[in-house]
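I opened this notebook to keep track of what I looked up, entry by entry. Please have the sequence and the model at hand while reading.

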Amino acid sequence: MSVTVRVPAKVNVQLAVGAARPYGFHDLANIFLAVGLYDEVTVTPADALRVTCEGPDADQVPLDTSNLAARAALALAERRGFEPNVHIHIAKDIPVAGGMAGGSADGAGALLACNTLWQTGASRAELLSICAELGSDVPFSLVGGAALGTGRGEKLRTLDVGGTFHWVFAMAGRGLSTPAVFREFDRLGEGTDIPEPVASQEIVEALAKGDADALAASVSNDLQPAALSLFPELADTLAAGRAAGALAAVVSGSGPTTAFLARDKESAAKVAQALETSGTCQKVRAASSPAPGATVL
Ligand SMILES: C[C@](O)(CO)[C@H](O)COP(=O)(O)OP(=O)(O)OC[C@H]1O[C@@H](n2ccc(N)nc2=O)[C@H](O)[C@@H]1O
Ligand SMILES: Nc1ncnc2c1ncn2[C@@H]1O[C@H](COP(=O)(O)OP(=O)(O)OP(=O)(O)O)[C@@H](O)[C@H]1O
């Protein structure tokens with residue numbers, strides 16, 4: 001018997017970053033929106049824990065116990081007294097190291113899949129707490145939809161979404177390391193007063209109304225200057241998408257994937273086409289929001 005779980009990628013429509021904390025993380029006001037690009041995680045009983053991965057970026061995914069999917073299976077097994085003997089197969093469509101929470105998606109997916117396979121009876125709250133131990137983005141991958149993340153981004157409040165948002169994502173030729181981008185944020189902010197991160201009421205309302213123009217006017221990412229500092233060519237990608245009519249152009253999370261909000265599906269297709277021929281990125285994908293969280297298929 002196998003269990004397969006489908007898990008979405010995310011884009012951050014607000015990423016407000018506070019000063020570095022002594023414990024090594026930054027306080028955030030992080031508005032997540034799940035987008036319809038998915039990984040599928042399948043778990044099957046086996047003699048020992050094993051991870052395999054297929055997809056265009058599969059060669060960049062670790063197959064040892066550093067893989068977030070393996071760590072999720074180990075964490076649940078340890079808490080609940082199960083043997084973590086499963087084969088975890090990841091069908092990967094979310095770009096790796098792209099700032100779209102691909103690894104986090106696999107962690108949440110494996111957790112839900114193992115929980116279903118082993119019938120542990122763990123509550124939603126327990127699953128969310130394991131997710132938070134695995135990484136700041138992992139709880140949102142389980143929940144999906146839209147949510148405000150505070151603390152490290154792991155404390156979630158679900159937000160209403162009143163319509164469909166159309167996105168285009170431009171993938172870069174190389175990844176960016178999330179810790180390196182946060183370090184660059186600290187370096188750029190040295191000697192300045194960094195305000196407490198506060199959720200944008202405009203963004204919360206724009207999501208609730210399904211209003212793409214209002215969302216575009218307020219979308220923001222405090223990590224964008226740091227990502228651009230480490231990867232200056234991303235400015236050309238952002239400019240190409242804007243020139244093609246995107247309502248907003250923003251680095252997704254810690255980057256280097258760039259996200260473009262379009263007015264409708266037709267406009268998204270035009271932006272995607274322009275980005276494809278711009279020579280400023282490696283791959284282009286269109287997807288819409290919101291998307292459901294981790295779901296057993
Ligand atoms: C950039 C975002 O993707 C936005 O959603 C997240 O904040 C990052 O989430 P993530 O990849 O799940 O990150 P984690 O695995 O929890 O942390 C990786 C590293 O990112 C940095 N980090 C992460 C979250 C946070 N609030 N402050 C940080 O400084 C730390 O250096 C940490 O060691
Ligand atoms: N299941 C996994 N899929 C992809 N990468 C993984 C996975 N597990 C661990 N990793 C490691 O995590 C690193 C970051 O990968 P990931 O795709 O999660 O980045 P990201 O999308 O930028 O993350 P985030 O948006 O949450 O900051 C990879 O370079 C890889 O070494």
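**Entry 1**

I began with Lys10, which is buried, having 29 other C-beta atoms within 10 Å; a residue is called buried if 20 or more other C-beta atoms lie within 10 Å of its own, exposed if 12 or fewer, and partly exposed in between, with C-beta atoms placed from the backbone. This is a predicted model, in which local features need pLDDT of at least 70 and side-chain atom pairs count only at pLDDT 80 or more, while totals for chains, interfaces and linings use all residues. Residues are numbered from 1 along each chain as its sequence is written, and chains are lettered from A and ligands numbered from 1 in the order in which they are written.

I found Lys10 in strand S1; helices (H or I, at least four residues) and strands (E, at least two) are DSSP runs, numbered from the N terminus. Leaving aside neighbours within four places in sequence, I noted that Lys10 is in contact with Phe32, Leu33, Ala34, Val35, Met100, Ala101, Asp137 and Phe140, where contact means that the C-beta atoms of two residues, placed from the backbone, lie within 7 Å.

I then checked the record: an unreviewed UniProt entry lists Lys10 and Asp137 under "active site". The two are spread over 128 residues of sequence, yet they cluster in space, with a largest C-alpha distance of 9.1 Å. UniProt positions are given in the numbering used here, feature names are shortened, and annotations may be inferred rather than shown by experiment.

Asp137 itself sits in the loop between helix H3 (124-134) and helix H4 (138-143), and it counts as buried because it has 29 C-beta neighbours inside 10 Å. Not counting residues up to four places away in sequence, Asp137 touches Lys10, Ala101, Ser104 and Gly153.

**Entry 1: around ligand 2**

Which residues are the closest to ligand 2? I listed Ala101, Gly102, Gly103, Asp106 and Asp137 as the closest of the 21 residues that surround the ligand, a residue being near if its C-beta atom, placed from the backbone, lies within 6 Å. Helix H1 (68-80) and helix H2 (102-118) each supply at least two residues of this shell, and the largest share, 4 residues, comes from H2. By class, I have the shell down as 9 nonpolar, 10 polar and 2 charged residues; Ala, Val, Leu, Ile, Met, Phe, Trp, Tyr, Cys and Pro count as nonpolar, Asp, Glu, Lys and Arg as charged, and the others, Gly among them, as polar.

Ala101 lies in the loop between strand S4 (86-91) and H2 and counts as buried, with 31 C-beta neighbours inside 10 Å. Not counting residues up to four places away in sequence, Ala101 touches Ala9, Lys10, Asp137 and Ser141. Gly102 lies in helix H2, and with 29 C-beta neighbours inside 10 Å it is also counted as buried.

The unreviewed UniProt entry gives a "binding site" list that includes Ala97, Ala101, Gly102 and Gly103.

In helix H9 (residues 234-243) I found Leu234, Thr237, Leu238, Ala240 and Gly241 buried. Seen down the axis of H9, these buried residues fall within an arc of 160 degrees, so they line one face of the helix; the arc is that of the directions from the helix axis to the C-beta atoms. Last, I noted a cis peptide bond that joins Gly255 and Pro256, with omega about 5 degrees, and I placed Pro256 in the loop between S9 and S10.
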